[in-house]
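Biologist: Could you walk me through the interior and the backbone of this model?

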Amino acid sequence: MTARAARREQWFDRCVGRAVLPSVRGMTTSPASAASTLTATFHVSPYKTVRDPLPSWDRAQPATWPATTCTLVSGEREAVLVDGLVTEAESLALTDWIVGSGKRLTRVYVTHGHGDHFLGLGGTLAAFPGADLVCLPQVAPEAAAQASAGGRAVWEGIFPGQLPAELVAPGPFDGELEVEGRPLHVVDVGRSDTTPTTVVHVPDADLVLSGDVAYDGIHPYLAAADAAGRREWLAALDAVERLGARRVVTGHRDPGAPDEDAARVLDQTRRYLVDYDEAVAASDSAAELIARVTARYGHLGNPYTLHLSAAGAFPAASGA
């Protein structure tokens, strides 16, 4: 066994040795503390077809956008939503889900500046007139660009005719995030598939909402992360782990994901980043990179994301 293979086996041993916590699909409950008053429920919007995939993609199969997660952190009467959606139809379904919770939405917090997590939220905000849409100040410039005319053109190219008439973007916010006086801690962890990026720690629910820092059962989007960026991303995963929560809900999550166990979710993303880094170094083309990663991670959802990542790693050869 080579030294590299031995390191991989040691990593697997650590992953397998960690306990998997029981969970209820779609719900993260608060811990059994009398002082805990918040619960978190999550809504997963399914994979959706994208138009005009890259030349590397086999068009006999539909290219898709990854399933996307929104989480409602609720008290007795009020709630904060963490991250939203992009198309009008899925945002309407999200709004119906929030209304069905019986909670009054007071705020929507956006973890990072990618438009698939907020551009379609206009209808949700209209249904809850007192709610605002916010992000940290350092995230706001990228978010605003996504909602601009140029940003709209990009997203219309991906989802033609599916965006709402008016796109929305979060405004800068540097106060305290809370629900009925209970804290939600926002942490800038540096990089995920974009930078800057943040996570939300909900101590009452023993939970971190990771945005795109971690992926669950889906290929991470790596087109914008070079080798240095991938190292920064690994450091962001370590920062999430140091928060000590037992559960992590990711911004992109396969609908069949088994649980929200933090050890499993973080190790899955960490392992992928390291293996992807090695695959890039060993490959001479996007096609070779796709083949290497698929051999190890062919079971993951949304393989089209891998094609986007490979096009970022080898832009000239891929035609990107």
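This is a predicted model: local features need pLDDT of at least 70, side-chain atom pairs count only at pLDDT 80 or more; totals for chains, interfaces and linings use all residues.

Biologist: Which residues have the most contacts inside the largest nonpolar core?
Modeller: Those are Leu-81, Leu-184 and Val-202, in a core of 54 residues. Strand β6, residues 78–82, gives the most to this core, with four residues.

Biologist: What does Val-202 touch, leaving out residues up to four places away in sequence?
Modeller: Val-202 touches Leu-38, Val-73, Leu-184, Leu-207 and Leu-209. Apart from this core lies another, of 34 residues, including Ala-67, Val-208, Val-265 and Leu-289.

Biologist: Is Ser-74 buried or exposed?
Modeller: Ser-74 counts as buried because its relative accessibility is 5%, and the cut-off for buried is under 20%. Ser-74 is part of strand β5, residues 68–74. Setting aside residues up to four places away in sequence, its contacts include Thr-37, Lys-103 and Val-179.

Biologist: On to the backbone. Which peptide bond is cis, with omega near 0°?
Modeller: The bond from Thr-195 to Pro-196 is cis. Pro-196 sits in the loop between β11 (182–190) and β12 (197–202). Most peptide bonds are trans.

Biologist: What is the phi of Asp-83?
Modeller: Asp-83 has a positive phi of about 70°, although it is not a glycine. Asp-83 belongs to the loop between β6 and α2 (88–101), and is buried at a relative accessible area of 3%.

Biologist: And where is Asp-206?
Modeller: Asp-206 is in the loop between β12 and β13 (207–209). Its phi is positive, near 55°, and Asp-206 counts as partly exposed at 22% relative accessibility.

Terms used. Residues are numbered from 1 along each chain as its sequence is written. Side-chain values use heavy atoms; hydrogens and water are left out. A nonpolar core is a set of buried Ala, Val, Leu, Ile, Met, Phe, Trp, Tyr and Cys residues joined through side-chain atoms within 4.5 Å. Buried means under 20% relative accessible area, exposed over 50%, partly exposed in between (1.4 Å probe, protein chains only). Helices (H or I, at least four residues) and strands (E, at least two) are DSSP runs, numbered from the N terminus. Contact means heavy atoms within 4.5 Å.
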